[in-house]
Amino acid sequence: MIPASRSRAFARAILSSQGSRHLSSTSTSPITSVLIANRGEIALRVGRTASALGVRCTTIYTDPDAHSQHALSSPFAVNLGAANAYLDGERIISIAKEQGCEALHPGYGFLSENSAFAKRCVEEGLVFIGPPWKAIEAMGNKSRSKDIMIKAGVPCIPGYHGSNQEPEYLLEEAKKIGFPVMVKAVKGGGGKGMRIALNEQEFLDKLESAKSEGRNSFGDDVMLVEKYIGTPRHIEVQIFADKYGNAVALGERDCSLQRRHQKILEEAPAPNLAEDIRQDLWEKARAAALAVGYEGAGTVEFIFDNDTNEFFFMEMNTRLQVEHPVTEAITGEDLVSWQFKVAAGEPLPLDQETIAQRIAERGWAIEARIYAENPSQNFMPDSGKLIHLRTPQVSDSVRIDAGFIEGDTISSNYDGMIAKLIVSGPTREVAIRKLHAALQDYEVVGLSTNIEFLKKICKSPAFIRGEVETGYIQKYNEELFAPEIVEPETFAQAALGLLAKELSGSGVSTSLGPHGQSIGFAPSSQRQFTFLTSLALDAESVQVFVNQSGGKVFDVTVKGHGVDKTYNNVVCEPHTPSISTFFPHTRIESTVITDGDKITLFQRGRQTQLTLATPSWYEKALGLKDVTNSVLAPMPCKVLRNEVKEGDAVEKDQALVVIESMKMETVIRSPQKGVVAKLVHKEGDICKAGTVLVLFEEVST
């Protein structure tokens, strides 16, 4: 692995002549008030820096966000109404003027890369805290941006970026390029409107899927076709430019760890990258910025071929990136503050040589995105209320950028990112260990998250070696999704935790229905709990028998598949919502959170989710419906299309329905082989989580 401390001689030779400071007579005008045209963590992030600069902040929110943290962060807050109103540019500009705001900060996403919106801000006398609208327009169209880059000497990946959008014509162009190819929406971003076609046979289906997602996400289905690189890395360079012709690179970030073509882990600097290639990336990124007369913060994204060490321009994001905190960590600079200064007409605060020296001295930084999603179900988005939230302790080397607190709801109307966890250390190895330790302290209950998956990434040997690529998750799928054994003590802790809540008078017993039933008819101190480790039809059950022999003393027996363990004289001390238990061989502290029949435990840096099994007699008494012959909506969603017809015979894992939630398309596949009896919903229907989508014909037994 290339060490973090790198020679600056080569960097100075290349960049010193280009990094000189140019000044002109352009006047500066300090910004004193701003409207933050965004939501969640980025709205709060911008607000913190603005407040530190003495800038008055106005926030906007929608009906679903009425009680969100960003809406509550300023006394100057305006309700936009409908969930999609963050895209209502004219209304937002009108509010900014009504509130007496001098400037508007778009954050990222929504209108941040909308050139027409940026232009309208300027026309209405507002300072748009971002690049000039012409630069946004030039770089927002992937075809045009590649033409500009080629003229500027920036290498571009082979592909077709023309105006002929006939599917058959695009197929012929794909054949000329050579499979596999990438189909991308020219106005796309964030992994949306993007598909990989491995061969000619699947090209047209992939094209239509990408076009559909492009129309839904960007209102545009114009596509480009590019050569797909088999073992690529995603490396991007943070650039900044001012009104005086100065442009600097603030280092690169490796964002190769992705799912659904979206980043989940970013780091700076990029690991295992030769210094001459690193400096060439910086130089090409600066050339890209200067080619379009750029101002403010931007990111030039490159695809790096691990096999040849070549890199190609991919796109330029004309805004602040989600992952900007890792750059802040390795430079020691506040990039939002830079944005305000540049927008006010000030020159860049640092030159290239100073930045390079900072990066050489400050080690490594890694950011992990905490998402509401289920990795074991192909990272399917989730939504719901954060009924329990505990975060790691922040410090000089551990940072959390979050838009939610305990009790808030992650809405299906928006992106499912809960927070960003950023750590730094003197070396990459130390930073990885600190990230893993911080993730062990992160507790979220109320919806599925990717936290346990991120912990596995931190322990993955190839990742630790820095052998990253965009296909990493697929390549190491077996390792990253290996089932974990639930230890007998965990089941014991779940039962003791439930019993402790009941004995403390928290009312758990009234909500558990028949669970934790007493044994026999006479008064008894023995209790029985039955747990399932998953909701699968073939999930195995584990029984726990708890006998209270003293005030805080219990005998606990755990019985299940391959497990028959008894612990005598166990002392359990409750500290709601946690318990501290002294087993004969060890002490275990657990946080036990209940949500209906779902039990979540956090102990020794690991999360375990269990379900209380409903006794068969209770199901029969209530007439609970057997839903094994149906497929349910896993989350609130919109039905985009049905892929089968009633009466069709389908195989296990065959596509049934395509839904949209959190701006992402998800394919719902058949859990079994069978015959479709009924398609309950049609295209365009809005469904709640748990709604039946497909019914199968019953199989006679």
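Where in the structure is the place of Glu-41? In this predicted model, Glu-41 belongs to helix α2, which covers residues 40–52.

When neighbours within four places in sequence are left aside, the contacts of Glu-41 are Tyr-108, Asp-401, Ala-402, Gly-403, Met-417 and Lys-420.

Val-444 is part of strand β23, residues 443–445. With a relative accessibility of 1%, Val-444 counts as buried. Again leaving aside neighbours within four places in sequence, Val-444 is in contact with Leu-386, His-388, Leu-389, Ile-418, Thr-449, Ile-451, Phe-602 and Gln-607. The C-alpha atoms of Val-444 and Ala-372 are separated by 9.6 Å, although the two residues are 72 residues apart along the chain.

## Aromatic pairs

The model contains 15 aromatic pairs, counted where ring centres lie within 6.5 Å. One of the pairs joins Phe-491 and Phe-531, whose ring centres are 6.5 Å apart; their planes stand at 35°, so the pair is tilted. Phe-491 lies in helix α19 (residues 488–503) and Phe-531 in strand β24 (residues 526–532), so this pair ties together parts that are 40 residues apart in sequence. Phe-491 counts as buried at 4% relative accessibility, and Phe-531 counts as buried at 0%.

Another pair is formed by Tyr-567 and Phe-583, with ring centres 5.1 Å apart. Because the planes of these rings are at 75°, the pair is edge-to-face. Tyr-567 is in strand β27 (residues 563–575), while Phe-583 is in the loop between β28 (578–582) and β29 (587–595), so the pair ties together parts that are 16 residues apart in sequence. Tyr-567 is buried at 3% relative accessibility, as is Phe-583 at 6%.

## An aromatic cluster and charges over rings

Tyr-86, Phe-110 and Tyr-414 form one aromatic cluster. Within this cluster, Phe-110 is located in the loop between β4 (103–105) and α5 (115–123). Phe-110 has a relative accessible area of 23% and is partly exposed. Its backbone has a positive phi of about 50°, although Phe-110 is not a glycine.

Charged side chains also lie over aromatic rings. Lys-119 is placed over the face of Trp-133, at 4.6 Å from the ring centre. The charged end of Arg-259 is over the ring of Tyr-371, 4.5 Å from the centre of that ring.

Two packed helices are described by the angle between their axes and the distance between the axes. For helix α6 (residues 133–140) and helix α7 (residues 142–151), the axes come within 5 Å and cross at roughly 100°. This angle makes α6 roughly perpendicular to α7. On the α6 side, the contact is made by Glu-137, Ala-138, Met-139 and Gly-140. On the α7 side, the contact is made by Lys-142, Arg-144, Ser-145, Ile-148 and Met-149. The residues of the contact divide into 4 nonpolar, 2 polar and 3 charged.

Helix α11 (residues 324–331) is largely enclosed by the rest of the structure, because 7 of its 8 residues are buried. The buried residues of α11 are His-324, Pro-325, Val-326, Thr-327, Glu-328, Ile-330 and Thr-331.

## Backbone features in loops

The peptide bond joining Phe-179 and Pro-180 is cis, with omega about 0°. Pro-180 is in the loop between α8 (167–177) and β7 (181–189). The bond from Thr-576 to Pro-577 is also a cis peptide bond, with omega near 5°. Pro-577 lies in the loop between β27 and β28.

Asn-272, a residue other than glycine, has a positive phi near 50°. Asn-272 is situated in the loop between β12 (262–268) and α10 (275–291). With 30% relative accessibility, Asn-272 counts as partly exposed.

Terms used. Residues numbered from 1 in each chain as written. Predicted model: local features only at pLDDT ≥ 70, side-chain atom pairs only at ≥ 80, totals over all residues. Heavy atoms only, no water. Phe/Tyr/Trp six-rings, centres within 6.5 Å; stacked < 30°, edge-to-face > 60°. Helix = DSSP H or I, 4+ residues; strand = E, 2+ residues; numbered from the N terminus. Buried < 20%, exposed > 50% of the residue type's maximum accessible area, 1.4 Å probe, protein only. Lys NZ or Arg CZ within 6 Å of the ring centre and 35° of its normal. Axes fitted to C-alpha atoms, helices over the stretch in contact; angles between N-to-C directions. Parallel < 35°, antiparallel > 145°, perpendicular 65-115°, else oblique. Contact = heavy atoms within 4.5 Å. Nonpolar A, V, L, I, M, F, W, Y, C, P; charged D, E, K, R; others polar.
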